[in-house]
Amino acid sequence: MDPIQITESLTLNYSDSVLETLADLADSFTISDPSLSGHPIVFASQTFLSMSGYSKEEVVGRNGRMFQGPRTDRRSVMEIREAIREERSVEISLWNYKKDGSGYWVRFHLCPVVFEGRVVHFLAVVLPIGKRLKTKRMVFGFGGCREEELGCRGESLTLDSFEDTDNRGLEAEELQDVSDLEKQKATSSAKSILSILNYYRKHTNRVRCWKTCSSASIAPLTSSLKISLGRIKQSFVLTDPNLPDMPIVYASDTFLNLTGYSRHEVLGRNCRFLNGPGTDVEALQEIKDGIQAQQACKVRMLNYRKDGSSFWNLLHISPVRNATGKIAYYVWVQNNENGKDVHGLSPEMRQLGAVAAVKVAVRSLSAGPGPSSRPSLP
């Protein structure tokens with residue numbers, strides 16, 4: 001199984017921080033993806049791994065049937081498969097196997113993770129059963145048949161207990177005496193984990209919806225404007241002050257090369273995502289003051305690339321007005337202090353040239369959005 005597909009199964013359906021949160025949970029559970037070939041496990045908790053004796057690398061990417069064996073009840077397996085096919089929950093007692101080959105009883109709670117009417121994952125809570133197990137067997141002999149009840153206190157019960165010394169026929173039905181507390185624990189764990197997944201899914205939806213709504217709310221950049229902006233070989237972005245949080249609506253190729261981000265990772269975000277622990281708060285305040293006054297400003301600030309490396313950014317920010325004189329965008333022109341210009345121009349000259357080119361392009365080719373509202377600050 002492709003490791004990238006496994007990772008994206010979670011990161012594309014939830015916000016990135018979901019992995020850290022799931023890793024901190026003490027519950028014993030796995031998450032599988034029915035949309036991937038073979039319905040593989042895409043996440044296994046540390047508690048589950050410790051219980052089963054397997055490592056993460058040995059479990060993730062494989063189907064949950066790896067924990068079944070010759071003494072796992074086929075009817076239980078069919079019940080699980082039927083629940084998956086019908087996309088519904090099921091909770092049963094199941095005989096599982098550890099890596100060392102030993103078997104043990106678990107309370108198995110499986111439930112679909114549904115978002116927007118679609119099952120994106122299956123959550124399986126797997127809890128060991130430590131209570132007494134009871135079984136009934138029907139033994140057929142020469143004197144007819146009799147029903148016997150067997151008990152086991154805190155011990156694993158295997159099918160060896162049902163062997164008929166006469167070899168005359170044996171039917172064993174295993175009945176698990178699972179306590180209400182164990183059932184409640186399995187259900188409670190499942191609800192808790194589902195709640196966490198739902199939270200991170202909603203958070204992701206808000207981000208995606210915000211980007212979609214932002215794109216739909218602005219006057220789309222025309223092809224002519226995009227072509228004109230694409231000719232400007234300088235690192236810059238355009239932000240829209242008429243939308244909440246002043247999102248980026250255009251990013252140049254040079255900007256993407258400088259920061260290491262892809263275009264879809266940039267559009268819809270505020271420029272603050274380039275800031276980090278070493279960014280000077282005074283520089284941020286200068287930017288806020290300049291935008292508040294609707295004036296151009298220049299600052300020197302420490303910014304960060306996608307890979308975590310930093311660079312000193314000689315930043316020039318200027319309002320860009322449309323044909324009606326209203327502020328349509330702000331242009332943010334970045335310049336790496338350690339970078340060199342092949343034409344021998346100073347950073348200030350390059351930035352002023354980029355700002356002028358953007359202003360000309362917007363004024364002549366863009367109709368511009370409606371009346372400017374008070375801009376949101378970065």
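In the hairpin formed by strands E3 and E4, where five residues lie between the strands, Gly101 takes a positive phi near 95 degrees. The model is a predicted one, in which local features need pLDDT of at least 70 and side-chain atom pairs count only at pLDDT 80 or more, while totals for chains, interfaces and linings use all residues. Residues are numbered from 1 along each chain as its sequence is written, and side-chain values use heavy atoms, with hydrogens and water left out.

Strand E3 spans residues 90–97 and strand E4 residues 103–115; strands (E, at least two residues) and helices (H or I, at least four) are DSSP runs numbered from the N terminus. The two strands pair in the antiparallel sense over eight bridges, pairing being assigned if DSSP finds at least two bridges between two strands. Val90 has Leu110 of E4 as its bridge partner. Seven of the eight residues of E3 are buried, where buried means under 20% relative accessible area, exposed over 50%, and partly exposed in between (1.4 Å probe, protein chains only).

The structure holds two cavities of 30 Å³ or more, and the largest cavity contains about 120 Å³ of space. A cavity is here a set of points, on a 1 Å grid over the protein atoms alone, where a 1.4 Å probe fits but cannot get out, and lining residues have an atom within 4 Å of a point; the volume is the space filled by probe spheres set on the points, which are joined across faces, edges and corners. The largest cavity is lined by 16 residues, of which Cys271, Asn275, Met301, Leu315 and Trp332 lie nearest its centre. Helix H10 (281–292), strand E11 (297–304) and strand E12 (310–321) are the elements that give two or more residues to this lining. Cys271 is counted as buried because its relative accessible area is 11%.

Cys297 is likewise buried, with a relative accessible area of 12%. The structure holds zero disulfides, a disulfide being a pair of cysteine sulfur atoms within 2.5 Å.

Tyr199 lies in helix H6, which covers residues 180–217, and is classed as partly exposed because its relative accessible area is 48%. Although Tyr199 and Val18 are 181 residues apart in sequence, their C-alpha atoms are 9.3 Å apart in space.

Methods
1 Å grid on protein atoms, 1.4 Å probe; cavity = no way out; pocket = protein on both sides within 12 Å on 5 of 7 lines; lining within 4 Å.
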